[in-house]
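Good morning, and thank you for coming. I would like to take a few minutes to walk through one protein model with you.

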Amino acid sequence: MERYIFSDLKRALCSWKFFISVVGVAATFFLFGGKPYEGYSIIEMYQFNIYQIQTLLVYIFCILPYGDAICQDMEYRFCQLMIIRGKIYFYSISKAISVFLTSLLTMVLGTALYIMVIRTQYYELAWVSEKYIQGAFNSLISYGMHIQYVILCSIQIGFLTGILSLICATASLYIVNRLFIFSLPVISYYALCYLSEVIFGDYGLHWIYNPLYIVCDNEWLSFLITFLVTCILFIIFTYIINKKLKWRLING
């Protein structure tokens, strides 16, 4: 299975789509988000931007590098060749891990590029306003660990983009159409938010993956909940991918 994962990650990360997507995430935050000169420090501006509507465009960029991997494999019959050389289970796990990690890395690297550009262009600005501490990982801000704070926030949002990418990969087994796949991130995000609110009440999906929201005033408990929910969703969609691939292989 290691060879499957290595091959998938190499295919995903060494592509022009991954580079374009990272730049796209940074450009979306920079072009459509708030600017430091409008009265925000770097951290305040970042927190403001990740809560705005343009973040939905960022989700699409995170799906772009490898969200259509299974769809592409099925179009070119590459899926059958890979399964014949190994097992459906290994292929499914490899695809799920690669799709998830590629989306996560796109968010993290795109955010890092965005912060680097902002820091370079507005070098005279402070990282954070005096006594300004808000949201999860605020202890890092209080200790002056601003870069680590941004990375952890981008990882938490990256968990969400990874799950949205898995949803796209799962949907591609039912409807083999790339345009349809790339239209799913926003639709699936709102659908998951609605379903989670119906099941869990006010603590819906948009709060679970929101780094500005913490549970019981415990930032690490909030992150643990986010991690566990992500693991559960990852297992569910990987299982669906594996079962659907078996069905398609048996039924042609």
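A residue is called buried when its relative accessible area is under 20%, exposed when that area is over 50%, and partly exposed in between, using a 1.4 Å probe and protein chains only. By that rule, buried residues make up 50% of the 252 residues in the protein. This is a predicted model, in which local features need pLDDT of at least 70 and side-chain atom pairs count only at pLDDT 80 or more, while totals for chains, interfaces and linings use all residues. Residues are numbered from 1 along each chain as its sequence is written, and side-chain values use heavy atoms, with hydrogens and water left out.

Let me turn to the overall architecture. The protein has 13 helices and zero strands, where helices (H or I, at least four residues) and strands (E, at least two) are DSSP runs numbered from the N terminus. Contact here means heavy atoms within 4.5 Å. Of the contacts with a separation of 6 or more, 79% are between residues 24 or more positions apart.

Helix H1 covers residues 2-13 and reaches 16 Å from its first C-alpha to its last, close to the 16 Å expected at 1.5 Å a residue; the expected span is 1.5 Å times one less than the number of residues. Which residues of H1 are buried? They are Tyr4, Ile5, Asp8 and Ala12. Seen down the axis of H1, these buried residues fall within an arc of 95 degrees, so they line one face of the helix; the arc is that of the directions from the helix axis to the C-beta atoms. On the other side of H1, Glu2, Arg3, Phe6 and Lys10 are exposed.

Helix H2, residues 16-32, has 17 residues and reaches 23 Å, close to the 24 Å expected. Its buried residues include Phe18, Val22, Val25 and Phe29. The buried residues of H2 pack against H1, helix H3 (42-49), helix H4 (55-63) and helix H7 (88-121).

Finally, I come to helix H11, residues 184-200, in which leucine 195 lies. Leucine 195 counts as partly exposed because its relative accessibility is 48%. Glutamate 197 is also found in helix H11, and glutamate 197 counts as partly exposed at 36% relative accessibility. Leaving aside neighbours within four places in sequence, glutamate 197 is in contact with Gly204 and His206. The C-alpha atoms of glutamate 197 and tryptophan 207, 10 residues apart along the chain, are separated by 9.9 Å.
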